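Welcome! Please take a moment with the sequence and the 3D view before reading on.

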Amino acid sequence: MQLSSAPFQSGDDHPGGASLNRKISPATLDIIIENLVVDYDRIQDRLLSFSINEFGERLHRHCTQIVPGFRQYQTLRQELIAAECENLRLETYQAKPLTSFVRNKLINEFYCLLSNIIWPNKWVQSAKPKVPT
């Protein structure tokens, strides 16, 4: 048995060994969808005309032109982003862990600031002598 890329005709042997019997169907290949409320270029007067043949052509165009173009765009975009990140040296601006000295100093300053907000002049007031009235 020889395989070919040509479509199978009625009665041809299928590569699996079975025979394909085909017949023409009276099914319609076009449909009109009504009462659509959307702003889309293919919808006119709230009607969408859908044809399976047109859909196949549009799908083929999408798979052969749009998808490869989008993938090429993504690749080019990633290359440009990587090049600009290298030019801007963004890795130098990455956060790094602080040394323990700097960290402890920041913690002390924060607690001093916080204690002045929560208990303003607490130690000064308690050190003042009470004046009898």
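The average pLDDT of the protein chain is 79, and 75% of the residues score at least 70. Among the elements of the chain, H1 has the highest mean pLDDT, 95, while helix H3 (residues 122-127) has the lowest, 52. Residues 1-11 have a pLDDT below 50, although this stretch has 15 contacts in the model beyond near neighbours in sequence. Where pLDDT is low, the predicted coordinates should not be read in detail.

## Helix H1

Helix H1 covers residues 52-88. Do its length and its residue count agree or disagree? With 37 residues at 1.5 Å a residue, H1 should span 54 Å, and its end C-alpha atoms lie 51 Å apart, which agrees. Just after the helix comes Arg89, with a positive phi of about 50°.

## Aromatic pairs

How many aromatic pairs does a search of the whole structure find? The search gives 3. One of them joins Phe50 and Phe55, a tilted pair whose centres are 5.5 Å apart, with 45° between the planes. Another is formed by Phe70 and Tyr73: the ring centres are 6.0 Å apart and the planes meet at 35°, so this pair is tilted.

Phe70 and Tyr73 both belong to H1, where they sit 3 residues apart, about one turn of the helix. An α-helix has 3.6 residues a turn, so residues three or four places apart point the same way.

| Residue | Relative accessible area |
|---|---|
| Phe50 | 26%, partly exposed |
| Phe55 | 35%, partly exposed |
| Phe70 | 45%, partly exposed |
| Tyr73 | 46%, partly exposed |

## Cysteines

How many disulfides does a search of the whole structure find? The count is 0.

## The loop between E1 and E2

Now look at the loop that runs between strand E1 (30-33) and strand E2 (48-51), where Asp45 is found. Asp45 has a positive phi of about 55°, although it is not a glycine. Arg46 lies in this loop between E1 and E2 too, and its phi is also positive, near 65°, in a residue other than glycine. Most residues other than glycine have a negative phi. Is Asp45 buried or exposed? Asp45 is exposed, with a relative accessible area of 74%, whereas Arg46 counts as partly exposed at 45% relative accessibility.

## Ser51 in strand E2

A last stop is Ser51, which is placed in strand E2. Ser51 counts as buried because its relative accessibility is 15%, and buried means under 20%. Apart from its neighbours within four places in sequence, Ser51 is in contact with Leu29 and Asp30.

Terms used:
Residues are numbered from 1 along each chain as its sequence is written. This is a predicted model: local features need pLDDT of at least 70, side-chain atom pairs count only at pLDDT 80 or more; totals for chains, interfaces and linings use all residues. Side-chain values use heavy atoms; hydrogens and water are left out. Rings of Phe, Tyr and Trp (its six-membered ring) pair if their centres lie within 6.5 Å; planes under 30 degrees apart count as stacked, over 60 as edge-to-face and the rest as tilted. Buried means under 20% relative accessible area, exposed over 50%, partly exposed in between (1.4 Å probe, protein chains only). Helices (H or I, at least four residues) and strands (E, at least two) are DSSP runs, numbered from the N terminus. A disulfide is a pair of cysteine sulfur atoms within 2.5 Å. The expected span of a helix is 1.5 Å times one less than its number of residues. Contact means heavy atoms within 4.5 Å. pLDDT is the predictor's confidence in each residue, from 0 to 100.
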